[in-house]
Amino acid sequence: MSSLRSFCLLALLSGAAVHAESTRVIPLNFADASAMASWLGGVAAGGRYSPAAAEDFARRTIATGLRRMPAGEGQWAWNAEGHSYPNDAGGAIVPVPEGITQRPVALMDQNALLVRGTSDALDQVEELVRMLDKPMKMVNIELKLVDQPTEQVDEWGLDFQALGGNAAVGSNGNAPAAGLQLRYGVGNLSALLGVDRRGSRGKNVTGASVTTFDNTPATVSFGETMPFFVSRVSYDAFGNRHVDTETDAVFNGIELYVLPRLTANDTVTMRLVPTITEGAWVVTAPDGSSIPITRSVLTDTTVRVGDGQSLVIGGLSRLSDSQLDSFQSLLGEKRINRSSNPILIVTPHIIREQ
């Protein structure tokens, strides 16, 4: 009878130990603590992560990881029912075992998770974390922007001077300084007719290299930032006028968004979104300040290339045509035509594990 009582007492104590709550710190080797916490429906200390931004990436990553697990490993994750925490943070993206009594917290300074629950549940969470905490493949993307801009200038102008008695009539500055020039003079009349037609062609090559994780986007920009000033007028309580000048800027050039995804046969599927932005015109504010207006054109495509193979993206074109008339086109005209057709060369390189 005594041994039966001891056995029952031991069973009760064992059951209490199983269901007793404790806190455990689970360090991470490869994954980001804030991302791991978001997958488990937890929080990051300081609120430095966005669940919405991580949700799509997390769902794909978790589903892929679970599908690749060996048979019998982590089967509870498949059969466990999704578990929502009793607060306004919503449910977990990954099924969390029953027995976890509060949302996991990401310890950013230690890159670890702080989890509270029963011993059984903590063991299961740690098992899940170890299955997900794997080194992610990386890819290096080499980018090269090749541009061959052309410029064509057509210009003509007429300068003349006529003297008669006490009066003089003439014009200056219409004839181009270079090119073919024809001078004519008779009596008090002199004239200069100039014609200039010239063209130029250049070649610009700009390169960059960016390394990112598999299925993680990267952005590379080629261009220049053009500053401009904006004035703001305000009045204080005494009616005094104050003008504050602020500096702003617009970007002119080409920006490339790339999202690489590595496959098992050493190919890289990339979503490519090149955007070309250039100045269109300038508007003048009521206070006299000028604000530039930009024009953007983009394409969005998904392609697959082999490791180390190059892809050429064309179809991006720039064309500007400006005309300057003097004296309503009677005494001179200047027309400038600029065009370029830049191409992007994208070459992915899979980084092999050492």
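Two strands are taken to pair if DSSP finds at least two bridges between them, and strands (E, at least two residues), like helices (H or I, at least four), are DSSP runs numbered from the N terminus. By this criterion, E5 and E10 are joined by 10 bridges and run antiparallel. The structure is a predicted model, in which local features need pLDDT of at least 70 and side-chain atom pairs count only at pLDDT 80 or more, while totals for chains, interfaces and linings use all residues. Residues are numbered from 1 along each chain as its sequence is written, and side-chain values use heavy atoms, with hydrogens and water left out.

Confidence comes next. The pLDDT, the predictor's confidence in each residue on a scale from 0 to 100, averages 76 over the protein, and 75% of the residues score at least 70. Over residues 46–54 the value is below 50, and this stretch has 8 contacts (heavy atoms within 4.5 Å) beyond near neighbours in sequence. Residues 67–91 also have a pLDDT below 50, with 35 contacts in the model beyond near neighbours in sequence.

The pairing of E5 with E10 belongs to an open sheet of 4 strands, in the order E10-E5-E19-E16 and with antiparallel pairing. Strand E10 (204–213) and E16 stand at the edges; each has a single partner strand, so one side of each is left without a neighbour in the sheet. From one strand to the next, the twist averages 20°, where axes are lines fitted to C-alpha atoms (for helices, over the stretch in contact) and angles run from 0 to 180 degrees between N-to-C directions. Within this sheet, Ser209 in E10 is the residue opposite Glu142.

Two hairpins follow one another through E11, E12 and E13. E11 and E12 run antiparallel, joined by 18 bridges, and Thr225 has Phe251 in E12 as its bridge partner. Between these two strands lie 5 residues, and Gly239 in the turn has a positive phi of about 85°. E12 and E13 are likewise antiparallel, with 10 bridges, one of them linking Glu255 to Thr275 in E13. Here 4 residues separate the strands, and Asp266 in the turn has a positive phi of about 60°.

What do these strands contribute to the interior? A nonpolar core is a set of buried Ala, Val, Leu, Ile, Met, Phe, Trp, Tyr and Cys residues joined through side-chain atoms within 4.5 Å; buried means under 20% relative accessible area, exposed over 50%, and partly exposed in between (1.4 Å probe, protein chains only). The largest such core has 22 residues, and those with the most contacts inside it are Ile141, Leu143, Met270, Leu272, Leu344 and Val346. Among the elements giving two or more residues to this core are strands E5 (138–147), E11 (218–235), E12 (241–262) and E13 (267–284). Setting aside neighbours within four places in sequence, Leu272 is in contact with residues including Leu256, Val258, Val303, Leu311 and Ile313.

A second, separate core of 21 residues includes Ile26, Met36, Leu122 and Val125. In helix H5, Leu122 and Val125 are buried, as are Ala121, Leu128, Val129, Met131 and Leu132. The 14 residues of H5 (residues 119–132) should span 20 Å at 1.5 Å a residue, and the end C-alpha atoms are 20 Å apart, which agrees; the expected span is 1.5 Å times one less than the number of residues.

Finally, Ala191 lies in strand E9 (residues 189–201) and is partly exposed, with a relative accessible area of 21%. Beyond neighbours within four places in sequence, the contacts of Ala191 include Leu158, Phe160, Leu182 and Tyr184.
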